[in-house]
Amino acid sequence: MSEQDPVPMEDPKPASDSAPVKLDTPTTTSETDKRDPGSSESAAARAEPASDPPAPEAVIATPVEEPGVIDEVQVKAANKAVLAESRKHTRRAFVAAAAGAAAGYGFYRWIDQSPDIAMQPRPFRRAFQANAAIARAGFRDRALAPTYSLKEAKDLRVNGVYGLKKMLIPESWRLQSVGVQHAATHPRFTSDVTAWEYRYVDTVSHEDQGHDTKIDPNARTAEKMAPMPMMDQAKAEEDRAVRMPRGKEEAGESHSTLMPQTPGLLLTMDDLLKLPRHELVTQFKCIEGWSEIVHWAGIRMADFMEAYPPAIIDGRDPKYVYMETPDGDYYTGYDLNVCQHPQTLLVTEMMGAPLTQYHGAPLRLHMPTKYGYKQIKRIGLIAYTNRKPDDYWTKLGYDWYAGL
(Lines give C-alpha, C1' and ligand atoms only; values in the text may rest on other atoms or scores of the structure.)
Protein backbone atom coordinates (compact mmCIF):
# COMPACT_ATOMS: atom_id res chain seq x y z
CA MET A 1 0.00 0.00 0.00
CA SER A 2 1.52 3.22 -1.05
CA GLU A 3 1.57 6.29 1.10
CA GLN A 4 -0.81 7.97 -1.30
CA ASP A 5 -3.49 5.39 -0.76
CA PRO A 6 -5.96 6.58 1.75
CA VAL A 7 -6.43 4.56 4.93
CA PRO A 8 -10.03 3.37 5.09
CA MET A 9 -11.94 4.67 8.18
CA GLU A 10 -13.82 2.19 10.36
CA ASP A 11 -17.43 2.79 11.17
CA PRO A 12 -17.82 3.88 14.77
CA LYS A 13 -19.22 1.18 17.03
CA PRO A 14 -20.82 1.42 20.39
CA ALA A 15 -18.66 0.60 23.38
CA SER A 16 -20.94 -2.25 24.32
CA ASP A 17 -23.78 -4.29 23.04
CA SER A 18 -26.31 -2.18 24.98
CA ALA A 19 -28.72 0.27 23.34
CA PRO A 20 -27.04 3.32 21.99
CA VAL A 21 -27.09 6.42 24.23
CA LYS A 22 -28.70 9.52 22.95
CA LEU A 23 -26.09 12.14 22.35
CA ASP A 24 -28.44 15.08 23.04
CA THR A 25 -29.06 13.98 26.64
CA PRO A 26 -25.63 13.40 28.06
CA THR A 27 -25.43 12.23 31.61
CA THR A 28 -22.97 13.36 34.16
CA THR A 29 -21.39 10.99 36.50
CA SER A 30 -20.71 12.30 39.98
CA GLU A 31 -17.46 11.89 41.76
CA THR A 32 -19.11 9.32 43.98
CA ASP A 33 -20.15 7.30 40.97
CA LYS A 34 -16.62 7.45 39.69
CA ARG A 35 -15.29 6.26 43.00
CA ASP A 36 -18.01 3.66 43.56
CA PRO A 37 -19.53 2.52 40.27
CA GLY A 38 -21.32 -0.28 42.03
CA SER A 39 -23.27 1.89 44.43
CA SER A 40 -27.10 1.87 44.30
CA GLU A 41 -27.33 5.60 43.65
CA SER A 42 -24.92 5.31 40.73
CA ALA A 43 -26.84 2.35 39.35
CA ALA A 44 -30.12 4.19 39.59
CA ALA A 45 -28.64 7.18 37.86
CA ARG A 46 -27.34 5.03 35.08
CA ALA A 47 -30.57 3.07 34.81
CA GLU A 48 -32.92 6.07 34.61
CA PRO A 49 -32.27 8.54 31.83
CA ALA A 50 -32.65 12.22 32.81
CA SER A 51 -35.77 14.06 31.67
CA ASP A 52 -35.67 16.75 29.11
CA PRO A 53 -34.84 20.18 30.59
CA PRO A 54 -37.70 22.73 30.39
CA ALA A 55 -37.65 25.30 27.73
CA PRO A 56 -36.20 28.56 28.92
CA GLU A 57 -38.91 31.07 30.07
CA ALA A 58 -38.86 34.61 31.27
CA VAL A 59 -38.64 34.57 35.09
CA ILE A 60 -40.31 37.38 37.12
CA ALA A 61 -38.67 37.92 40.47
CA THR A 62 -41.21 37.89 43.39
CA PRO A 63 -40.05 39.13 46.74
CA VAL A 64 -40.38 36.54 49.48
CA GLU A 65 -41.87 37.84 52.76
CA GLU A 66 -40.01 36.76 55.79
CA PRO A 67 -42.09 35.49 58.75
CA GLY A 68 -43.15 38.38 61.11
CA VAL A 69 -42.44 41.10 58.63
CA ILE A 70 -45.46 43.17 57.39
CA ASP A 71 -45.35 45.12 54.25
CA GLU A 72 -45.01 48.85 55.01
CA VAL A 73 -47.65 49.80 52.49
CA GLN A 74 -50.16 47.42 54.09
CA VAL A 75 -49.40 48.83 57.55
CA LYS A 76 -50.02 52.37 56.39
CA ALA A 77 -53.27 51.38 54.73
CA ALA A 78 -54.48 49.54 57.83
CA ASN A 79 -53.59 52.46 60.10
CA LYS A 80 -55.39 54.87 57.83
CA ALA A 81 -58.55 52.75 57.92
CA VAL A 82 -58.43 52.44 61.72
CA LEU A 83 -57.96 56.20 62.15
CA ALA A 84 -60.84 56.94 59.80
CA GLU A 85 -63.14 54.60 61.72
CA SER A 86 -61.95 56.05 65.03
CA ARG A 87 -62.67 59.61 63.89
CA LYS A 88 -66.15 58.56 62.82
CA HIS A 89 -66.90 57.00 66.22
CA THR A 90 -65.32 59.96 68.04
CA ARG A 91 -67.55 62.41 66.20
CA ARG A 92 -70.60 60.32 67.03
CA ALA A 93 -69.55 60.10 70.68
CA PHE A 94 -69.09 63.86 70.93
CA VAL A 95 -72.45 64.48 69.28
CA ALA A 96 -74.17 61.99 71.61
CA ALA A 97 -72.41 63.45 74.66
CA ALA A 98 -73.39 66.98 73.70
CA ALA A 99 -76.99 65.94 73.14
CA GLY A 100 -77.06 64.09 76.46
CA ALA A 101 -75.55 67.05 78.31
CA ALA A 102 -78.06 69.43 76.74
CA ALA A 103 -80.94 67.12 77.64
CA GLY A 104 -79.65 66.70 81.18
CA TYR A 105 -79.25 70.43 81.66
CA GLY A 106 -82.71 71.06 80.25
CA PHE A 107 -84.16 68.44 82.61
CA TYR A 108 -82.34 70.03 85.55
CA ARG A 109 -83.60 73.49 84.62
CA TRP A 110 -87.13 72.14 84.29
CA ILE A 111 -86.98 70.66 87.80
CA ASP A 112 -85.20 73.67 89.28
CA GLN A 113 -87.75 76.10 87.87
CA SER A 114 -90.76 74.00 88.85
CA PRO A 115 -92.89 75.47 91.64
CA ASP A 116 -92.19 74.11 95.11
CA ILE A 117 -94.60 71.94 97.05
CA ALA A 118 -93.55 71.83 100.72
CA MET A 119 -89.97 72.86 99.94
CA GLN A 120 -89.54 70.28 97.17
CA PRO A 121 -89.79 70.90 93.42
CA ARG A 122 -93.08 69.63 92.11
CA PRO A 123 -91.53 66.64 90.20
CA PHE A 124 -89.82 65.40 93.38
CA ARG A 125 -92.98 65.80 95.44
CA ARG A 126 -94.94 63.97 92.74
CA ALA A 127 -92.35 61.18 92.89
CA PHE A 128 -92.91 60.91 96.67
CA GLN A 129 -96.62 60.65 96.09
CA ALA A 130 -96.20 58.02 93.36
CA ASN A 131 -94.02 55.92 95.68
CA ALA A 132 -96.64 56.17 98.41
CA ALA A 133 -99.38 55.07 95.99
CA ILE A 134 -97.33 52.06 94.93
CA ALA A 135 -96.65 51.12 98.56
CA ARG A 136 -100.33 51.39 99.44
CA ALA A 137 -101.34 49.29 96.45
CA GLY A 138 -98.69 46.65 97.12
CA PHE A 139 -98.94 46.29 100.90
CA ARG A 140 -102.27 47.98 101.73
CA ASP A 141 -100.66 49.20 104.97
CA ARG A 142 -101.32 45.79 106.53
CA ALA A 143 -97.88 44.19 106.21
CA LEU A 144 -96.37 43.32 109.60
CA ALA A 145 -92.94 44.49 110.68
CA PRO A 146 -90.52 41.82 111.97
CA THR A 147 -90.47 41.16 115.71
CA TYR A 148 -87.46 40.15 117.81
CA SER A 149 -86.58 38.44 121.06
CA LEU A 150 -86.44 40.51 124.24
CA LYS A 151 -82.71 39.86 124.69
CA GLU A 152 -82.01 41.75 121.44
CA ALA A 153 -83.66 44.94 122.70
CA LYS A 154 -81.73 47.93 124.06
CA ASP A 155 -82.33 51.51 125.15
CA LEU A 156 -83.35 53.78 122.31
CA ARG A 157 -81.14 56.77 121.70
CA VAL A 158 -82.69 60.22 121.94
CA ASN A 159 -82.98 61.90 118.56
CA GLY A 160 -84.88 65.16 118.29
CA VAL A 161 -86.60 66.98 121.13
CA TYR A 162 -89.03 69.22 119.24
CA GLY A 163 -92.03 69.90 121.46
CA LEU A 164 -90.20 68.43 124.48
CA LYS A 165 -87.85 71.19 125.54
CA LYS A 166 -89.92 72.26 128.54
CA MET A 167 -90.46 69.86 131.44
CA LEU A 168 -94.14 68.95 131.52
CA ILE A 169 -95.83 68.45 134.89
CA PRO A 170 -97.34 64.94 134.48
CA GLU A 171 -100.53 65.76 136.37
CA SER A 172 -101.31 68.55 133.94
CA TRP A 173 -101.26 66.28 130.90
CA ARG A 174 -104.49 65.61 129.01
CA LEU A 175 -105.05 63.97 125.68
CA GLN A 176 -107.23 66.18 123.50
CA SER A 177 -109.38 63.91 121.35
CA VAL A 178 -111.33 65.59 118.57
CA GLY A 179 -113.74 64.18 115.99
CA VAL A 180 -114.85 61.33 118.25
CA GLN A 181 -118.19 59.71 117.64
CA HIS A 182 -120.90 60.83 120.12
CA ALA A 183 -118.32 62.94 121.95
CA ALA A 184 -120.96 65.18 123.52
CA THR A 185 -122.36 62.23 125.51
CA HIS A 186 -119.00 61.25 126.99
CA PRO A 187 -118.15 62.27 130.58
CA ARG A 188 -114.81 63.71 129.39
CA PHE A 189 -116.44 66.02 126.87
CA THR A 190 -115.62 69.73 126.90
CA SER A 191 -116.78 72.50 124.61
CA ASP A 192 -113.23 73.80 124.10
CA VAL A 193 -110.30 71.43 124.38
CA THR A 194 -107.87 74.21 123.44
CA ALA A 195 -108.67 76.01 126.69
CA TRP A 196 -106.85 73.35 128.69
CA GLU A 197 -103.56 74.65 130.09
CA TYR A 198 -100.53 72.41 130.25
CA ARG A 199 -98.12 73.30 133.01
CA TYR A 200 -94.37 73.18 132.84
CA VAL A 201 -91.47 73.62 135.25
CA ASP A 202 -88.21 75.42 134.69
CA THR A 203 -86.17 72.56 136.11
CA VAL A 204 -83.53 71.46 133.65
CA SER A 205 -83.61 67.75 132.95
CA HIS A 206 -80.38 65.83 133.33
CA GLU A 207 -81.48 63.42 130.62
CA ASP A 208 -79.35 63.41 127.50
CA GLN A 209 -81.14 65.44 124.83
CA GLY A 210 -79.44 63.49 122.07
CA HIS A 211 -79.32 65.16 118.69
CA ASP A 212 -81.09 65.45 115.39
CA THR A 213 -79.10 65.69 112.18
CA LYS A 214 -82.11 65.95 109.87
CA ILE A 215 -82.11 69.23 107.99
CA ASP A 216 -84.05 70.80 105.20
CA PRO A 217 -83.06 68.67 102.16
CA ASN A 218 -82.58 71.82 100.10
CA ALA A 219 -80.31 73.32 102.78
CA ARG A 220 -82.15 76.62 102.51
CA THR A 221 -82.04 77.06 106.27
CA ALA A 222 -79.44 76.18 108.85
CA GLU A 223 -81.40 76.99 111.98
CA LYS A 224 -83.79 74.73 113.88
CA MET A 225 -86.09 77.62 114.73
CA ALA A 226 -88.79 79.09 112.56
CA PRO A 227 -87.90 82.30 110.70
CA MET A 228 -88.59 85.41 112.79
CA PRO A 229 -91.33 86.80 110.50
CA MET A 230 -93.18 83.47 110.78
CA MET A 231 -92.80 83.44 114.56
CA ASP A 232 -93.90 87.05 114.92
CA GLN A 233 -97.00 86.43 112.82
CA ALA A 234 -97.90 83.28 114.76
CA LYS A 235 -97.42 85.06 118.08
CA ALA A 236 -99.59 88.01 117.00
CA GLU A 237 -102.39 85.69 115.90
CA GLU A 238 -102.23 83.65 119.08
CA ASP A 239 -102.04 86.72 121.29
CA ARG A 240 -105.37 87.82 119.79
CA ALA A 241 -106.77 84.36 120.60
CA VAL A 242 -105.26 84.47 124.11
CA ARG A 243 -103.26 81.31 123.54
CA MET A 244 -99.70 80.26 124.26
CA PRO A 245 -97.32 80.85 121.33
CA ARG A 246 -97.16 77.74 119.17
CA GLY A 247 -95.02 76.46 116.32
CA LYS A 248 -91.74 77.94 117.54
CA GLU A 249 -89.61 75.35 115.78
CA GLU A 250 -88.25 75.56 112.24
CA ALA A 251 -91.37 74.41 110.40
CA GLY A 252 -93.55 77.02 112.10
CA GLU A 253 -97.13 76.59 113.20
CA SER A 254 -99.25 73.78 111.78
CA HIS A 255 -102.17 74.72 109.57
CA SER A 256 -104.01 71.75 111.12
CA THR A 257 -103.76 72.99 114.69
CA LEU A 258 -107.09 73.44 116.49
CA MET A 259 -108.86 76.72 116.51
CA PRO A 260 -110.27 78.06 119.78
CA GLN A 261 -113.70 76.77 120.79
CA THR A 262 -113.05 73.32 119.32
CA PRO A 263 -115.14 70.73 121.21
CA GLY A 264 -113.84 67.28 122.11
CA LEU A 265 -112.65 65.02 124.90
CA LEU A 266 -109.94 65.62 127.49
CA LEU A 267 -108.74 62.12 128.40
CA THR A 268 -106.53 61.29 131.37
CA MET A 269 -103.84 58.63 131.56
CA ASP A 270 -106.17 56.55 133.71
CA ASP A 271 -108.70 56.53 130.88
CA LEU A 272 -106.06 55.09 128.55
CA LEU A 273 -104.69 52.55 131.01
CA LYS A 274 -108.12 50.91 131.18
CA LEU A 275 -107.51 49.63 127.66
CA PRO A 276 -105.67 46.33 127.04
CA ARG A 277 -101.88 46.50 127.49
CA HIS A 278 -99.64 45.16 124.73
CA GLU A 279 -95.90 44.58 124.46
CA LEU A 280 -93.90 44.64 121.28
CA VAL A 281 -90.22 44.16 120.38
CA THR A 282 -89.62 45.78 117.02
CA GLN A 283 -87.03 47.85 115.21
CA PHE A 284 -87.07 51.63 115.29
CA LYS A 285 -85.67 52.94 111.99
CA CYS A 286 -84.45 56.49 111.54
CA ILE A 287 -84.26 58.15 108.15
CA GLU A 288 -80.72 59.21 109.08
CA GLY A 289 -79.64 55.61 108.48
CA TRP A 290 -79.50 54.00 111.93
CA SER A 291 -81.87 51.55 113.63
CA GLU A 292 -82.32 49.93 117.04
CA ILE A 293 -84.41 47.07 118.40
CA VAL A 294 -86.56 48.28 121.31
CA HIS A 295 -88.98 46.78 123.81
CA TRP A 296 -92.22 48.79 123.86
CA ALA A 297 -95.36 48.56 125.98
CA GLY A 298 -98.64 50.47 125.83
CA ILE A 299 -102.03 50.52 124.14
CA ARG A 300 -102.72 49.52 120.59
CA MET A 301 -103.99 52.42 118.53
CA ALA A 302 -106.62 50.05 117.11
CA ASP A 303 -107.99 49.50 120.63
CA PHE A 304 -107.99 53.24 121.29
CA MET A 305 -109.94 53.84 118.06
CA GLU A 306 -112.42 51.15 119.03
CA ALA A 307 -112.98 52.79 122.42
CA TYR A 308 -113.05 56.29 120.92
CA PRO A 309 -114.18 55.75 117.31
CA PRO A 310 -114.11 58.51 114.69
CA ALA A 311 -117.34 60.27 113.83
CA ILE A 312 -118.72 59.42 110.41
CA ILE A 313 -118.14 62.11 107.76
CA ASP A 314 -120.25 62.03 104.59
CA GLY A 315 -121.38 58.49 105.36
CA ARG A 316 -117.95 57.00 105.97
CA ASP A 317 -114.95 57.08 108.32
CA PRO A 318 -112.62 60.07 107.94
CA LYS A 319 -109.46 59.54 105.93
CA TYR A 320 -106.79 60.86 108.30
CA VAL A 321 -105.53 61.18 111.85
CA TYR A 322 -103.66 64.25 113.07
CA MET A 323 -101.42 64.43 116.16
CA GLU A 324 -99.41 67.20 117.78
CA THR A 325 -97.52 67.97 120.99
CA PRO A 326 -99.22 70.02 123.73
CA ASP A 327 -97.34 73.17 122.69
CA GLY A 328 -98.04 72.58 119.00
CA ASP A 329 -94.34 72.74 118.11
CA TYR A 330 -94.27 69.25 116.57
CA TYR A 331 -97.06 67.62 114.56
CA THR A 332 -97.68 64.65 112.27
CA GLY A 333 -100.40 63.30 109.98
CA TYR A 334 -101.37 59.73 109.06
CA ASP A 335 -103.78 57.74 106.96
CA LEU A 336 -106.53 56.32 109.16
CA ASN A 337 -105.86 52.71 108.18
CA VAL A 338 -102.18 53.03 109.21
CA CYS A 339 -103.32 53.96 112.71
CA GLN A 340 -105.51 50.82 112.71
CA HIS A 341 -102.45 48.65 111.97
CA PRO A 342 -102.13 45.94 114.66
CA GLN A 343 -98.55 47.02 115.50
CA THR A 344 -99.24 50.77 115.86
CA LEU A 345 -98.82 51.43 119.57
CA LEU A 346 -99.54 54.33 121.93
CA VAL A 347 -96.47 53.79 124.09
CA THR A 348 -96.40 54.38 127.85
CA GLU A 349 -93.32 52.26 128.69
CA MET A 350 -89.99 51.54 127.02
CA MET A 351 -87.48 48.87 128.02
CA GLY A 352 -89.62 47.93 131.01
CA ALA A 353 -89.78 51.45 132.50
CA PRO A 354 -92.07 54.48 132.14
CA LEU A 355 -91.16 56.91 129.38
CA THR A 356 -88.76 59.71 130.22
CA GLN A 357 -89.20 63.34 129.16
CA TYR A 358 -87.05 63.26 126.02
CA HIS A 359 -88.55 59.95 124.97
CA GLY A 360 -92.01 61.51 125.00
CA ALA A 361 -93.54 60.99 128.46
CA PRO A 362 -96.27 60.37 129.19
CA LEU A 363 -97.44 59.13 125.75
CA ARG A 364 -95.69 58.65 122.43
CA LEU A 365 -96.37 56.78 119.21
CA HIS A 366 -94.54 53.75 117.86
CA MET A 367 -95.30 52.81 114.28
CA PRO A 368 -92.78 50.18 113.05
CA THR A 369 -93.96 50.48 109.45
CA LYS A 370 -92.88 54.14 109.34
CA TYR A 371 -89.64 56.06 109.74
CA GLY A 372 -88.91 57.55 113.14
CA TYR A 373 -89.85 61.13 112.24
CA LYS A 374 -93.49 59.99 112.04
CA GLN A 375 -93.38 58.53 115.57
CA ILE A 376 -94.39 61.63 117.50
CA LYS A 377 -93.45 62.00 121.17
CA ARG A 378 -95.48 63.59 123.99
CA ILE A 379 -98.80 63.37 122.19
CA GLY A 380 -101.22 66.12 123.26
CA LEU A 381 -103.82 65.82 120.51
CA ILE A 382 -105.37 63.05 118.43
CA ALA A 383 -107.90 64.36 115.90
CA TYR A 384 -109.85 62.55 113.19
CA THR A 385 -110.19 64.61 110.02
CA ASN A 386 -111.14 64.36 106.38
CA ARG A 387 -108.58 66.97 105.40
CA LYS A 388 -105.01 65.80 104.85
CA PRO A 389 -103.12 66.99 107.95
CA ASP A 390 -100.02 69.10 108.12
CA ASP A 391 -96.75 67.38 108.98
CA TYR A 392 -93.64 68.96 110.51
CA TRP A 393 -90.93 67.32 108.40
CA THR A 394 -93.03 67.27 105.24
CA LYS A 395 -93.08 71.06 105.40
CA LEU A 396 -89.28 70.90 105.39
CA GLY A 397 -89.10 68.71 102.30
CA TYR A 398 -89.51 65.13 103.54
CA ASP A 399 -92.03 62.51 102.46
CA TRP A 400 -95.47 62.67 104.08
CA TYR A 401 -96.08 58.92 103.79
CA ALA A 402 -92.64 57.87 105.18
CA GLY A 403 -93.31 54.16 104.69
CA LEU A 404 -90.62 51.53 105.06
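## The second largest cavity

G333, Y334, D335, K370, K374, W400 and Y401 line the second largest cavity, in a model that is predicted. A cavity here is a set of points, on a 1 Å grid over the protein atoms alone, where a 1.4 Å probe fits but cannot get out, and lining residues have an atom within 4 Å of a point. The volume of this second largest cavity is about 30 Å³, a volume being the space filled by probe spheres set on the points, which are joined across faces, edges and corners.

Its lining comprises three nonpolar, one polar and three charged residues. Ala, Val, Leu, Ile, Met, Phe, Trp, Tyr, Cys and Pro count as nonpolar, Asp, Glu, Lys and Arg as charged, and the others, Gly among them, as polar.

## The largest cavity

The structure holds two cavities of 30 Å³ or more. The largest has a volume of about 250 Å³. Of the 22 residues that line it, N159, G160, G372, Q375 and K377 are the closest to its centre. This lining divides into 11 nonpolar, six polar and five charged residues.

## The chain as a whole

Among contacts (heavy atoms within 4.5 Å) between residues at least 6 apart in sequence, 75% join residues at least 24 apart.

## Basis of the values

Residues are numbered from 1 along each chain as its sequence is written, and side-chain values use heavy atoms, with hydrogens and water left out. In this predicted model, local features need pLDDT of at least 70 and side-chain atom pairs count only at pLDDT 80 or more, whereas totals for chains, interfaces and linings use all residues.

Technical notes. 1 Å grid on protein atoms, 1.4 Å probe; cavity = no way out; pocket = protein on both sides within 12 Å on 5 of 7 lines; lining within 4 Å.
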